[in-house]
Amino acid sequence: MAEVETEKDKRLIFLRDYTLKSLRLKADKWNKLCLSDEQRNFLVNFLEKGLVQELVISQNLGGQLQIHTDWPSYLRNKGVFFVKREKTGIPDPDEEEEDLLDHLTCGDVHPNVLDHFCAWVEEVIVPVFKNENNITKFPQCVADDIKKQIHDLATSVYQIRGHIKGKTLLPFPQGAASDIDDEERRVRESDGKDVDNLMKNSIEGIIIKWAHQVDEVLSQESDQELEEGKHPGPSTEIEFWEAKCRNLESLFEQMKNSTTRNMASILNVTDSAYYPCFKSMFRNVVASMNEALDISLHLKPLRGHFK
């Protein structure tokens, strides 16, 4: 144990430096961690034995570092993890610190894992695979499938992010908004005769998804908690209509933006059977939004009486 505690142990130095740099902490935080026999034993067992396979280091409520030997269900602040590649101790490297990465992997653990995952997909995965230069060596059928899978993943993440914020976000067809704009212009100029059927079918498929999403929002009722056996107070009714109003306003803004209008124009000019569905869906959103706005407006003065 004494050997591990020495400042010359490159394994311990690596754990210390990575933790302090990633969490942006001063050295005294690590020194306090090592003063605890229990915490120090976690480090020793991780480095010397095969029993402890992973370490997660984070800050507790007091701002002090603490070690978890398994993945914590909840983190208040950002943490770091170290996972051994084999169920053995980690040998002390003879040369550079990089040698340690042959025996373990490390990274950051964010308190909001889902939000971090969404950001990772949107800012790393999607841009990498949307870059044509990264998939030029694949056969065309494989490249097309990759694009489809990435689009589906990005759409799911986009909707999850909206759900976290309490909003229903509508997915859009695969391809850039500029492609839809160009297609709408060509369809309109040709009076519906020159149309990309693949894009039209994609738009029609999206309208079906929208119809299910919109119907789910419109069918929400304020007495849902009563049906579930709960006993909500008056404030619950006010909060329900305020939340529904915000969600419907978000839907309305999404359905009247330029890309959506161009999608509707393509369906209209090509006499698609899905255009009446879109019109009906839009009217229902507007009517429900006006209803929610009206109810929220009349309930808002009562909020102060129920605090």
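I take contact to mean heavy atoms within 4.5 Å. The model I am reading is predicted.

**Entry 1: helix α8**

I began with α8, residues 197-218. I checked its length against expectation: at 1.5 Å a residue, its 22 residues should span 32 Å, and the end C-alpha atoms lie 31 Å apart, which agrees.

Next I listed which residues of α8 are buried. They are M199, K200, I203, E204, I206, I207, W210, Q213, V214 and V217. I noted that K200 and E204 are in this list, and that Lys and Glu count as charged.

What covers these buried residues? I found that the cover includes α6 (140-164), α7 (177-189), α10, α11 (258-269) and α12 (275-299).

**Entry 2: α8 against α10**

I then looked at α10, residues 234-255, as a partner of α8. The two axes come within 11 Å and cross at roughly 155°. Angles over 145 degrees count as roughly antiparallel, and therefore α8 and α10 are roughly antiparallel to each other. I recorded the crossing as left-handed.

For the contact itself, I found V214, V217 and L218 on the α8 side, meeting K244, N247, L248 and L251 of α10. By class, this contact has 5 nonpolar residues, 1 polar and 1 charged.

**Entry 3: S250**

While on α10 I looked up S250, which is found in that helix. Is S250 buried or exposed? Its relative accessibility is 13%, so S250 counts as buried, the cut-off being under 20%. Leaving aside residues up to four places away in sequence, I found S250 touching K167, T168 and L169.

**Entry 4: α7 against α11**

α7 and α11 are both among the elements covering the buried residues of α8, and I looked at how they pass each other. Their axes come within 9 Å and cross at roughly 35°. This crossing is left-handed.

On the α7 side the contact is made by A177, I180, D181, E183, E184, V187 and R188. On the α11 side I listed T259, N262, M263, S265, I266 and V269. I sorted the residues of this contact by class and got 6 nonpolar, 3 polar and 4 charged.

**Entry 5: S156**

Last I went to α6, where S156 lies. With a relative accessible area of 37%, S156 is partly exposed. I also looked up its separation from C118: S156 and C118 are 38 residues apart in sequence, and their C-alpha atoms are 9.3 Å apart in space.

Technical notes: Residues are numbered from 1 along each chain as its sequence is written. This is a predicted model: local features need pLDDT of at least 70, side-chain atom pairs count only at pLDDT 80 or more; totals for chains, interfaces and linings use all residues. Side-chain values use heavy atoms; hydrogens and water are left out. Axes are lines fitted to C-alpha atoms, for helices over the stretch in contact, and angles run from 0 to 180 degrees between N-to-C directions. Helices (H or I, at least four residues) and strands (E, at least two) are DSSP runs, numbered from the N terminus. Angles under 35 degrees count as roughly parallel, over 145 as roughly antiparallel, 65 to 115 as roughly perpendicular and the rest as oblique. A crossing is left-handed if the near helix is turned anticlockwise from the far one by less than a right angle, and right-handed if clockwise. The expected span of a helix is 1.5 Å times one less than its number of residues. Buried means under 20% relative accessible area, exposed over 50%, partly exposed in between (1.4 Å probe, protein chains only).
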